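Please keep the sequence and the model side by side while reading, and turn the model as each element is named.

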Amino acid sequence: MRSQDSFQSRVTIHAGGRQAVIHRLDALTRAGFKGIDTLPYSIRVLLENLLRYEDGKTVTREDIEAVANWDPSAAPSTEIAFRPSRVLLQDFTGVPAVVDLAAMRDQFAKMGGDPSRINPLQPADLVIDHSVQVDSYGLLRSFEDNVKREFERNQERYEFLKWGQSAFENMRVVPPGTGIVHQVNLEYLASVVFTRDANGQCIAYPDSLVGTDSHTTMINGLGVLGWGVGGIEAEAAMLGQPISMLLPQVVGFKLTGKLPEGATATDAVLTVTQMLREKGVVGKFVEFYGEGMENLALPDRATIANMAPEYGATMGFFPVDNETLAYLRFSGRDEAHVDVVERVLKEQGLFHTASDPEPRFTDTMQLDLGDVVPSIAGPKRPQDRIPLSESKRSWHRVLQGFEASADRGVEVTRGDDTFHLQNGAVVIAAITSCTNTSNPSVMLAAGLVA
């Protein structure tokens, strides 16, 4: 769909050794709108999306003006049509999506059409995760043996997905045994700046996505706007339909200081989650800023962003900065593409530096990372954080509650041995979920403790 570009934002720049077309946000400043450079970065990404898709129908000049005039204190009332750059599917909802596309092809063929014309209009990545069972462990060949068993158990399913990858345009399938969907997205799939060729020109714009898992929000740690949606919404986005949403309020979360020795990203995220749950951020964007960002490695940012469903926000966004570029290089992204990311986002005012003016937020919070202490929480309520120094006292309080119920414990049999577990026994300790397993430092720490 061709942009009307009523603000004349479309310009050509040189990036990554080639010419690229962007829709400049400062075109709105030239048009007389004040404060574009102090909008939250997340709102600026939405604004660029509308500039690029202005068509007079789904996106009008009035829609763009409403976002350019975003009022931090106003209750959400402006409805916009957001078109993400791509769709991320995990296998539980991705397989039905491929089945639906195949059914559409069958029906289109019955109607006399060419079934090969039925394809996702927006790029879609399907990552098969949470798949490999642990049948073998402790051996050099354990991983290889487990993946082999996985293919044997689900041969028909994976043959169907392999067909889908080759049959449909704009679709990639990541096989089992590669990693958790959010980790694969962070380390391989996310481009930060998306490029596509149209009419012989390269169009460059911020990467964004919706995914069929609530923890899609991890990618906001990389400065990529994204959140979880249901399967129907994801399929609609794949087919080029805009996502209707209310322009949200944005809570600014200022980070200062540096994590002390002994405190991990998990301790930071439990502290942040507790604070945001107490604040109340349901339906809002949370955007992190402040000099403390420079002291957070990108996997640590991703850990905090991943927990957005737990603190209730639509997402927790970290703007792109030099740490983002360093991570792209570290994770093997092409240097020419890293140059595109830096050039395009700096041209757009979407690249965060310490000298940038502080954005205008609906409300603000602040955390000195130096105050973060080793903590525990859970197993079901991550906002119920307990400082590690208080763990013994807390354990005794909980145990007394169980003893008051006169629970007699339980017998557990393993092989020829029988164990009688009383209240207070730790049955299993595990590091699970993408919150932890996508952060190398936390995984290494867990291994050392084990």
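The paragraphs below go from a hairpin to a sheet, then to a pair of helices and a loop residue.

This is a predicted model, in which local features need pLDDT of at least 70 and side-chain atom pairs count only at pLDDT 80 or more, while totals for chains, interfaces and linings use all residues. Residues are numbered from 1 along each chain as its sequence is written, and side-chain values use heavy atoms, with hydrogens and water left out.

Helices (H or I, at least four residues) and strands (E, at least two) are DSSP runs, numbered from the N terminus, and two strands pair if DSSP finds at least two bridges between them. Strand β1, residues 10-15, pairs with strand β2, residues 18-23, in the antiparallel sense, and six bridges join the two. A15 stands opposite R18 in β2, and in the hairpin, where two residues lie between the strands, G16 takes a positive phi near 60°.

An open sheet is formed by five strands in the order β6-β5-β4-β9-β10, with parallel pairing. Its edge strands, each pairing on one side only, are β6 (171-174) and β10 (225-228). From one strand to the next the twist averages 15°, where angles run from 0 to 180 degrees between N-to-C directions and axes are lines fitted to C-alpha atoms, for helices over the stretch in contact. Strand β9 (residues 208-211) runs parallel to β10 and is joined to it by four bridges; in β10, L225 is the bridge partner of S208. Helix α7 (residues 181-189) packs on the sheet and touches β4 (86-90), β5 (124-127), β6 and β9, its direction making about 140° with that of β4.

Helix α4 (residues 91-110) packs with helix α6 (residues 155-167) at an angle of about 60°, their axes being 11 Å apart. That makes α4 oblique to α6, because angles under 35 degrees count as roughly parallel, over 145 as roughly antiparallel, 65 to 115 as roughly perpendicular and the rest as oblique. In this packing, D91, V95, V98, V99, A102 and R105 of α4 meet R157, F160, L161, W163, G164 and A167 of α6, contact meaning heavy atoms within 4.5 Å.

P359 lies in the loop between α13 (335-347) and β15 (363-368). With a relative accessibility of 10%, P359 counts as buried (under 20% relative accessible area, with exposed over 50% and partly exposed in between; 1.4 Å probe, protein chains only). P359 and T38 are 321 residues apart in sequence, yet 4.3 Å apart in space, C-alpha to C-alpha. Leaving aside neighbours within four places in sequence, P359 is in contact with T38, L39, P40, Y41 and E287.
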